[in-house]
Amino acid sequence: MHHWRRNVVQLAALLTAAAVVDGVTNLVGHGPDGPALLLVPATVLVAAAGFHSWWARRHGHAPPTGDTGARPRSEERAGPSERSRDSSAPVSEESALWRMRTTVQDEPGSLAALCTALAGLRVDILSLQTHPLAEGTVDEFLLRAPGGLAAAELAQAVSAAGGTGTWIERADAHDLVDAPTRVLGLATRTALDAAELPLALRQLLGRCTIRSLPAAPAGGGRGPAAVPVEGALEDTVMRLRAPEGGVITVERPYLPFTPTEFARARALVELDARLGPRVPRSQDVLTLPEGNDITVRRVDTGDLRPAKEMHGRCSARTLAMRYHGPIGDADRYLNHLLSPRFGRTIAVQTASGRVVGLGHLLWDGDETEIALLVEDAWQRRGIGGELLRRLVGMAVEAGCESVYAVTQSSNTGMVAAMRGLGLPLDYQIEEGTLVITARLAPPVAPEGTVGVVGRVSGSGE
């Protein structure tokens, strides 16, 4: 509408100017000095047009900065330090990430009231997941709040807005990954390696204790109670049927599991069951200081026979230091130890294919056990140290904060291997055994990964 009015005005002005020019031309043109009088204004108009063109190119057609809200050019050229001197400029405040879970009534306006309360505290909602329940809905938020806002103040505002059973903890940058992306990544890891299932469940569900119970315990006795095919959910405990017939229990003492979390966990277990036992088949060939070549690779229950043969070549003392129990039970534990369902196992074999060393990383509840065994004839050659370094590296990847070496003070090989890690060590005697604690570097882990404690036992280097 504005442009239409401007065009009408310009047309009217043009017609008026034409009429005036026509009148002047008739008046002047018939006079004695008519041509000279017409030449003078023509020259003035040409000069004025040229000046206007030069001025337009120099200053452009941008509107004044006051009409657009843009900063003056002098302010744009000023550096950040100069602009910060202006007391009227807003000062940036440090923020903190929080994970919050609360239960609200399943009725219109309940979530809006909660969001309004968060906005009143200048809290930004980065992501939201809803977990429907039979009564109410559990809302899980990832929040960015002002750095000075305390968790108690945040919880009080949420409670006043109708939230109940509120749980809050600090988050980090890993929590910024959205839930579907995180679940797909965990599914990929599980598909590539059966030993990843407990770790994937722990990262999916947060701080929890996961135990894999075999259908037939290696030491004998009764197995766990049977679990329905669809699993069982009881408040803070979920029980899932393991693919090999055992039971996987997941326990979280501080928050009840929601049906949504239970469905996600069950989907991961079903994926693992459909793919069957599998381990990565990569291997490394190393040369010992004496010149012998050895191969380090992942193994599973398919390597049970060569592992038992190595047991047969080990001395009673070596087996006793490794298993801390009756030597005759050593073979009974191998099937459990080699199963990717309960952890990862790496083996050292010679050029002829004979297994001379085994290293185990076993998932057991909220702890991770590390153990190694080296055949007597191959000890003191650096094999134990190589196995230990690789197992500790796996423990770091799994989110462990420390590992324990449980051995005897006379086992100088294991003590030397632990010292060779170059990590801070603590020593303690417990019930006649030497416990060496190695504190690991803080791992960089996905959302939900929790630092756990590892336990190492071994037969020496």
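**Note on the predicted model**

1. A search across the whole structure returns zero disulfides, where a disulfide is taken as a pair of cysteine sulfur atoms within 2.5 Å. Among the cysteines, Cys115 is partly exposed, its relative accessible area being 28%, whereas Cys208 is buried at 9%; buried stands for under 20% relative accessible area, exposed for over 50%, and partly exposed for what lies in between, with a 1.4 Å probe and protein chains only.

2. This is a predicted model, in which local features need pLDDT of at least 70 and side-chain atom pairs count only at pLDDT 80 or more, while totals for chains, interfaces and linings use all residues. Residues are numbered from 1 along each chain as its sequence is written, and side-chain values use heavy atoms, with hydrogens and water left out.

3. The protein has 15 helices and 17 strands, these being DSSP runs numbered from the N terminus (helices H or I, at least four residues; strands E, at least two). Of its 461 residues, 39% are buried, and the accessible surface of the protein is about 25,200 Å², with 56% belonging to carbon and sulfur atoms; the areas come from the Shrake-Rupley method with a 1.4 Å probe. Among contacts (heavy atoms within 4.5 Å) with a separation of 6 or more, 66% are between residues 24 or more positions apart.

4. Helix H11 (residues 304–313) packs with helix H13 (residues 330–338) at an angle of about 145°, and their axes are 10 Å apart; the axes are lines fitted to C-alpha atoms over the stretch in contact, and angles run from 0 to 180 degrees between N-to-C directions. On the H11 side, Leu304, Ala307, Lys308 and His311 take part, and they meet Ala330, Asp331, Leu334, Asn335 and Leu338 of H13. By class, this contact of H11 with H13 has five nonpolar, two polar and two charged residues.

5. Asp235, in the loop between strand S6 (232–234) and strand S7 (237–241), has a positive phi of about 60° although it is not a glycine, and Asp235 is exposed at a relative accessible area of 51%. Arg380, in the loop between strand S13 (367–374) and helix H14 (383–397), has a positive phi near 65° and is likewise exposed, with a relative accessible area of 58%.

6. Ala160 lies in helix H7 (residues 151–160) and is exposed, with a relative accessible area of 71%. Its C-alpha atom is separated by 9.5 Å from that of Ala113, 47 residues apart along the chain.

Terms used. Nonpolar A, V, L, I, M, F, W, Y, C, P; charged D, E, K, R; others polar.
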